[in-house]
Amino acid sequence: QVHLVESGGGLVQAGGSLRLSCAASREIFSISTMGWYRQAPGQQRELVATITSGGVTNYADSVKGRFTISRDKAVNTVYLQMNSLKPEDTAVYYCNAVGRFVGRSWDYWGQGTQVAVSS
């Protein structure tokens with residue numbers, strides 16, 4: 001059962017932009033906190049941004065002012081708009097959904113999408 005499907009990664013020059021998308025299963029999207037995390041080679045996975053079901057956002061200091069997370073309940077999708085990209089943004093980006101409802105909890109991850117920023 002696939003819950004999260006990411007798309008939108010690729011290769012871009014420094015200063016460029018990319019938009020990542022993550023389509024979630026309908027039954028979890030509206031009641032999940034959605035997030036984007038990233039993992040560079042040889043490093044631990046780190047938080048990039050999260051957005052609650054109510055639209056409250058949180059960003060890593062390293063991406064504040066450059067990245068924007070948003071969600072569209074009409075299509076059960078969370079987005080990460082990445083502007084002014086830097087080589088240090090190069091990583092595999094993962095979508096995440098966490099939540100709980102009536103005694104059930106979940107913590108789902110997508111398969112990851114590669115973002116590469118050239119200098």
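The following dialogue discusses how to read several features of a predicted protein model.

Reader: What conventions apply to the numbering and to the model?

Author: Residues are numbered from 1 along each chain as its sequence is written, and side-chain values use heavy atoms, with hydrogens and water left out. The model is predicted: local features need pLDDT of at least 70 and side-chain atom pairs count only at pLDDT 80 or more, while totals for chains, interfaces and linings use all residues.

Reader: How many helices and strands does the protein have, and in which pattern?

Author: Helices (H or I, at least four residues) and strands (E, at least two) are DSSP runs numbered from the N terminus. Here there are one helix and eleven strands, in the pattern β-β-β-α-β-β-β-β-β-β-β-β along the sequence.

Reader: Is His 3 buried or exposed?

Author: Buried means under 20% relative accessible area, exposed over 50%, and partly exposed in between (1.4 Å probe, protein chains only). His 3 lies in the segment before strand 1 (4–7); because its relative accessible area is 12%, His 3 is buried. Of the 119 residues in the protein, 44% are buried.

Reader: Which residues does His 3 touch?

Author: A contact means heavy atoms within 4.5 Å. Leaving aside residues up to four places away in sequence, His 3 touches Ala 23, Ala 24, Ser 25, Ile 28 and Tyr 108. Across the protein, 54% of the contacts with a separation of 6 or more join residues 24 or more positions apart.

Reader: How many bridges join strand 4 to strand 5?

Author: Two strands pair if DSSP finds at least two bridges between them. Strand 4 (residues 33–39) and strand 5 (residues 46–51) run antiparallel and are joined by five bridges; Tyr 37 has Leu 47 in strand 5 as its bridge partner. Six residues separate the two strands of this hairpin, and Gly 42 in the turn has a positive phi of about 75 degrees.

Reader: Which residue takes a positive phi in the hairpin of strand 5 and strand 6?

Author: That residue is Gly 55, with a phi near 95 degrees, in a hairpin with five residues between the strands. Strand 6 (residues 57–59) runs antiparallel to strand 5, with three bridges, and Thr 57 in strand 6 stands opposite Ile 51.
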